[in-house]
Amino acid sequence: MTVPTYDKFIEPVLRFLATKPEGALAREAHDAAAHALAISEADRQELLPSGTQPVYKNRAGWAHDRLKRAGLSKSIRRGFWRLTEQGLEFASQHPGKLSPKDVEQLALGFTDVRLKPGPNGQSLASKALTQNSGQTLIVASPDDRLGDAIAELRRTVAAELLEALTSVSPSFFETIVLELLHRMGYGTSRADLQHVGGPGDAGIDGVISLDKLGLEKVYVQAKRWQNTVGRPEVHTFYGALAGQRANKGVFITTSSYTPQAIEFAKSVERVVLIDGARLAELMMDHEVGISARTVKIPKLDSDYFDEESA
């Protein structure tokens, strides 16, 4: 047999996690689902075309992604899954085999669930990351479907990045932020990045010299927060910049900003805000904490067959 499509993994993953109310390692869920689906050892060796991961683990991961979007499960930390209270209740209310309609609803009914800002915040990410195209599989062209697939992959990886960022220490988060800014072109070398966060940092976590003499600098505030960042925090950072006689500052958080904070940053014109969704987008674009693969898409070169121009 070949490895089943990801929708077939949804129920096995759900049932396994229901037996582990305290949560379980993702690899345990992968193997439990493969066992429930009677996937042979030979088929478990099948790799994705990229060669980066076994197909069955990839499809079990997508099944869990759908459970997360439906609010039935969550990643407590990277590689560790646990059903939510809603998920445990759903499993209890559906003791028998899930109907095809239930599986279809879980597989397709929540694909528009995306990264969202905090309760009082608004997203600073691009629309490409936070909105679906609205295309349907019936009318979408192959190019449209490819675009939708890439967009969905980016949304999923963005969510995984934010989960990973919430598990690192504040100090390491500050280091990640400086690495990202360097990859974006700030600072001529790594020596131009100075990590100064810690007790008594006066609201400044990092400094990047934009020229070799250090005459022009960017000051960085990095907050690994869950709560929405409001105007008072941004105003305090602005005050810290004034204390340094600085004219460039970047405030980065894993959460989001209130509209008031965003308006204040716009009004002072020298503070740039990056929220969690935008941070994940930038990390993907500059390959910080992720790896990317190249996919070759064939397209006919009509000029090659134009005999008149040959």
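Visitor: How do β6 and β7 pair, and over how many bridges?
Guide: β6 and β7 pair in the parallel sense, over five bridges. Two strands pair if DSSP finds at least two bridges between them, so β6 and β7 count as a pair. Strands are DSSP runs of E with at least two residues, and helices are runs of H or I with at least four, numbered from the N terminus.

Visitor: What are we looking at?
Guide: This is a predicted model; local features need pLDDT of at least 70, side-chain atom pairs count only at pLDDT 80 or more, and totals for chains, interfaces and linings use all residues. Residues are numbered from 1 along each chain as its sequence is written, and side-chain values use heavy atoms, leaving out hydrogens and water.

Visitor: Why is threonine 254 called buried?
Guide: Its relative accessible area is 11%. Buried means under 20%, exposed over 50%, partly exposed in between (1.4 Å probe, protein chains only). Therefore threonine 254 is buried.

Visitor: Where is threonine 254 found?
Guide: Threonine 254 is in the loop between β7 (249–253) and α11 (259–268). Not counting residues up to four places away in sequence, threonine 254 touches residues including Leu162, Phe173 and Trp225. Contact means heavy atoms within 4.5 Å.

Visitor: Why does leucine 146 count as partly exposed?
Guide: Leucine 146 has 34% relative accessibility. That value lies between the 20% and 50% limits, so leucine 146 is partly exposed. Leucine 146 lies in helix α8 (residues 142–167).
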